[in-house]
Amino acid sequence: MPFSDFAGNPETIHRLREMLARKRFPHAVILSGAHGSGKYTLALMLARAMNCLAPLTDGDGLPDFCGRCSNCTRIAQSEDLDARFAEAVEARENLRDTDKKETRLFVQTHPDVLIIPPDPPQMMIKVDQVRHVIETIYYRPAEARERVYIFTSSAFMKEAANSLLKVLEEPPEFASIFLLTENAGELLPTIRSRSMTFNLGALPFPEIESRLGQLRPEWNVRQRALVARLSEGAIGRALSFNLESYVAARGHALVMLKSALGAGDHTELFKVTESYRAGAEGREKIEGLLRTLYSLLEDMMFLQSGAGQLVRNTDILGELKKMSETADFAWVRRAAEGLGEVERGLRRNLLRSLSLDAFATALDRVS
Ligand SMILES: [Zn+2]
């Protein structure tokens, strides 16, 4: 997948490739952007462009990668980060207890490219992970031209951040460090000042819709429009969007809201809240429902305040319009506050169904 396949942010990609071409690539690069904006994809593309054995130069004369040589293919094996991460976690789980404690988590499919994910259960980058980086970074690469280190999160333990800073103060000539973050402000100012920051901005909806047209042909036009809006311009989120479970949760959310507005029947509502009683799928399911309820209430507010162009659930616009005419602005606001209470209840670990029932009855009282 050469650079032309990267979705959006063409100026940023151009600048990075220009620096590669002039051999002025910074030792430390912060790639900052929303979840799913392509930070990891881009870092792996740059790692391949640095190390490709048969580098391509397309029309613009800037470095690209072939995707087929042994460096490209091995680096590409890291692309499915969730899967590689799960394998690393499992491998550690299978170790003896004493070894388990000593073992830090990495993803590595090429000897010179190391990916450092946050270490569970705290999901933070730990000092032992950075120590391993320090132990290897000063050796010349074995099979690549450039050693590449990719930190996939900016949640560093304090000691880990300080250790990283030492590397950044004296980076070797032949190594590049990528720091991926949703919020560069989380990184120490001293780390930021020794790195060059690039932001990956949100993509316009039509661009996401057209990419989905190619990559998710099973979705129809209305579904693609919906997913583009719900992913807030992040192509990775759009591509991994679980449309089926969203639509299921939204069906439940609509039953709850309509019942509260006096338009639905209570047997339906009971069936919905009952389905959240079983703990099997647990928290994730109810959190999905809450997110969906929020997004519907927000869309209703957009409609009520004349900002219809901001509505995300565009495929059920007619239904939303009807609902927002039945409820007044104050009702929607109180409903959103009620949801906030349910969430707080969840955090206090109340019985899941109890607070969901309470929300449904509270809504009823409001109307
Ligand atoms: Zn290659």
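**Looking around the chain**

Modeller: Let's start with Arg229, which is buried at a relative accessible area of 18%; here buried means under 20%, exposed over 50% and partly exposed in between, using a 1.4 Å probe and protein chains only. The model is predicted, so local features need pLDDT of at least 70 and side-chain atom pairs count only at pLDDT 80 or more, while totals for chains, interfaces and linings use all residues. Residues are numbered from 1 along each chain as its sequence is written, and side-chain values use heavy atoms, with hydrogens and water left out.

Biologist: What share of the residues in the chain is buried?

Modeller: The chain has 367 residues. Of these, the buried ones make up 48%.

Biologist: Which helix holds Arg229, the partner of Glu209?

Modeller: The side chains of Glu209 and Arg229 meet in a salt bridge, at 3.0 Å from N to O. A salt bridge is a side-chain nitrogen of Lys or Arg within 4 Å of a carboxyl oxygen of Asp or Glu. The pair is 20 residues apart and links distant parts of the chain: Glu209 sits in helix α9 (residues 205-215), and Arg229 in helix α10.

Biologist: How is α10 oriented relative to α12?

Modeller: The axes of α10 (residues 221-230) and α12 (residues 243-260) come within 12 Å and cross at roughly 85 degrees. Axes are lines fitted to C-alpha atoms, for helices over the stretch in contact, and angles run from 0 to 180 degrees between N-to-C directions. Angles under 35 degrees count as roughly parallel, over 145 as roughly antiparallel, 65 to 115 as roughly perpendicular and the rest as oblique. Therefore α10 and α12 are roughly perpendicular.

Biologist: How many nonpolar residues are in the contact of α10 with α12?

Modeller: Contact means heavy atoms within 4.5 Å, and here Gln223, Leu226, Val227 and Leu230 of α10 meet Leu243, Tyr246 and Arg250 of α12. Ala, Val, Leu, Ile, Met, Phe, Trp, Tyr, Cys and Pro count as nonpolar, Asp, Glu, Lys and Arg as charged, and the others, Gly among them, as polar. Beside one polar and one charged residue, the nonpolar ones number five.

Biologist: How many residues apart in sequence are the parts tied together by Glu143 and Arg74?

Modeller: Glu143 and Arg74 form a salt bridge whose closest N and O atoms are 2.9 Å apart. Glu143, partly exposed at 42%, lies in the loop between α6 (127-137) and β4 (147-151), and Arg74 in helix α3 (residues 70-76). So the pair joins parts whose separation, in residues, is 69.

Biologist: Is Ser163 buried or exposed?

Modeller: Ser163 is found in helix α7 (residues 158-169). Leaving aside neighbours within four places in sequence, Ser163 is in contact with Val127, Val130 and Ile134. Its relative accessibility is 9%, so Ser163 counts as buried.

Biologist: How many disulfides does the rule give?

Modeller: A disulfide is a covalent bond between the sulfur atoms of two cysteines. The rule asks for a pair of cysteine sulfur atoms within 2.5 Å. By this rule the number of disulfides is zero.

Technical notes: Helices (H or I, at least four residues) and strands (E, at least two) are DSSP runs, numbered from the N terminus.
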